[in-house]
Amino acid sequence: MLTGGCLCGATRYEATGTPYHQTNCHCGMCRRAAGAAYVTWFSVPRAEFRFTAATPAAYRSSAHATRRFCATCGTPLSFESDKHQDEIDVTTCSLDTPEALPPADQTRTATRLPWVTLEPGLPTFPEARTNR
Ligand SMILES: [Zn+2]
Ligand SMILES: [Zn+2]
């Protein structure tokens, strides 16, 4: 069981599914959404994930995706693509124990900031991961 939530504690979640696709995403949309150099994500089956406290706020961040965040403190929490309706991506650093779920690859590196050093030894994808 993975548990996490936002900075202020209003929003909490739990995931019972086995996490996969742990990644550092260097795309410009994640960067802007988080106000951070890149965002670390993991994925779980949507059916095995639920919010357990306040319902987070949501917005369409592109024509095919919804991002959720705490309506009180703004912590970015999740990403759901219309193209992968069985899956939800969750921000690793909103976990209670993010140290337990390190990134397994790095994606969208073509748009990484020039002052960000990529992790040596991790598979690197200039665009989306190609071995879904
Ligand atoms: Zn909050
Ligand atoms: Zn991204």
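Okay, a definition to start: I call a residue buried if 20 or more other C-beta atoms lie within 10 Å of its own, exposed if 12 or fewer do, and partly exposed in between, with the C-beta atoms placed from the backbone.

Now the housekeeping. This is a predicted model, so local features need pLDDT of at least 70 and side-chain atom pairs count only at pLDDT 80 or more, while totals for chains, interfaces and linings use all residues. Residues are numbered from 1 along each chain as its sequence is written, and chains are lettered from A and ligands numbered from 1 in the order in which they are written.

Most residues other than glycine have a negative phi. Arg 108 has a positive one, near 55°. Where is Arg 108? In the loop between strand 10 (105-107) and strand 11 (124-125); strands here are DSSP runs of E, at least two residues, numbered from the N terminus. Arg 108 is buried, because 21 other C-beta atoms sit within 10 Å.

His 21 also has a positive phi, about 55°, but His 21 lies in strand 3, residues 20-25. With 17 other C-beta atoms within 10 Å, His 21 counts as partly exposed.

Conventions
Helix = DSSP H or I, 4+ residues; strand = E, 2+ residues; numbered from the N terminus.
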